Amino acid sequence: MTPSSSSRPASERPASDDVSLSAPAQLTTPGLWRRMACWLYEGMLLFAVVFVAGWLFSTLGQMRDAMDSRRHLLQGFLFVVFGVYFVWFWSKGQTLAMKTWGIRVVDHFGRPLTQGRALVRYLLSWVWFLPPLAAISPFKLSGAEALLLVVGWVVVWALLARFQPERQFWHDAWAGTRLIASKPLSRR
């Protein structure tokens, strides 16, 4: 970047300067505790999404109980609803939980995510839950044992981010995305 281009406002700078300004080395990764607090808050907010989507599916499908033979359709429906929720918000930069905790998701170069990249991130983020769920399925574990296995895996998976060179979660590294510290985008 030339000295003359740095004195101009961002709106007048060439596009090539904007890419160099947001190089990965200049993007700050939020701390692990902050990212996990955001993750937990997101989980609480998803209860509302599950409630509304589950109610809608159950009402329209006239499901009478949780052991209805169509419960696998409900699970597939929730998978799609979660996908729409996350892809929509991640392509905009932040979910409500991310705004609250000052975190934004961007691509490796600091640019907003495309919907395609957000979809890849969503699919890869299931690594938080699929391994313990796959380990639970062949065994008759009690609720407490299953919870311990899931929570144990989440803790291990979160701590593995410390071994990623940029301290990102591994699913972010694989998806070509990263979490950065950011003020809520709606305030800009």
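Let me start with helices α3 and α8, which are oblique to each other, because their axes come within 11 Å and cross at roughly 140°. Oblique here is what remains once angles under 35 degrees are counted as roughly parallel, over 145 as roughly antiparallel, and 65 to 115 as roughly perpendicular. The axes are lines fitted to C-alpha atoms, for helices over the stretch in contact, and the angles run from 0 to 180 degrees between N-to-C directions. The crossing of α3 and α8 is right-handed, that is, the near helix is turned clockwise from the far one by less than a right angle, anticlockwise being left-handed. On the α3 side the contact (heavy atoms within 4.5 Å) is made by L32, M36 and W39, and on the α8 side by V154, A158 and L159. By class, these residues divide into six nonpolar, no polar and no charged, where Ala, Val, Leu, Ile, Met, Phe, Trp, Tyr, Cys and Pro count as nonpolar, Asp, Glu, Lys and Arg as charged, and the others, Gly among them, as polar.

Please keep in mind that this is a predicted model, in which local features need pLDDT of at least 70 and side-chain atom pairs count only at pLDDT 80 or more, while totals for chains, interfaces and linings use all residues. Residues are numbered from 1 along each chain as its sequence is written, and side-chain values use heavy atoms, with hydrogens and water left out.

For orientation, the chain has nine helices and two strands, which are DSSP runs numbered from the N terminus (helices H or I, at least four residues; strands E, at least two). Along the sequence they follow the pattern α-α-α-α-α-β-α-α-α-α-β. Of the 188 residues in the chain, 36% are buried, with buried meaning under 20% relative accessible area, exposed over 50%, and partly exposed in between (1.4 Å probe, protein chains only). Among contacts between residues at least 6 apart in sequence, 68% join residues at least 24 apart.

Returning to α3, which spans residues 32-61, we find that this helix also packs with α4 (residues 71-92) at an angle of about 130°, the axes being 10 Å apart. Helices α3 and α4 are therefore oblique to each other, and their crossing is right-handed. In this packing E42, L46, V49, V50, A53, G54 and F57 of α3 meet L73, L74, F77, L78, V81, F82, Y85 and F86 of α4. Sorted by class, the contact has 13 nonpolar residues, one polar and one charged.

Helix α4 in turn packs with α6, residues 115-125, where the axes come within 9 Å and cross at roughly 130°. This pair, α4 and α6, is therefore oblique, and its crossing is right-handed. The residues in contact are F79, F82, G83, F86, V87, W90 and S91 from α4, and Q115, A118, L119, R121, Y122, L123 and S125 from α6. The classes here are nine nonpolar, four polar and one charged.

Now to T29, which lies in the loop between α2 (15-21) and α3. Which residues is T29 in contact with, leaving aside its neighbours within four places in sequence? They are R35, E166, R167, Q168, R178 and L179. T29 itself counts as partly exposed because its relative accessible area is 23%.

Q168, by contrast, counts as buried because its relative accessible area is 1%; Q168 lies in the loop between α8 (143-159) and α9 (170-175). In that loop we also have R167, which has a positive phi of about 60° although it is not a glycine.

Finally, R178 is found in strand β2, residues 177-181, and its C-alpha atom is separated by 7.9 Å from that of T29, 149 residues apart along the chain. R178 counts as buried, at 2% relative accessibility, and its side chain makes a polar contact of 3.1 Å with the side chain of E166.

Methods
Polar contact = N/O pair within 3.5 Å; in protein donor to acceptor, adjacent residues only side chain to side chain.
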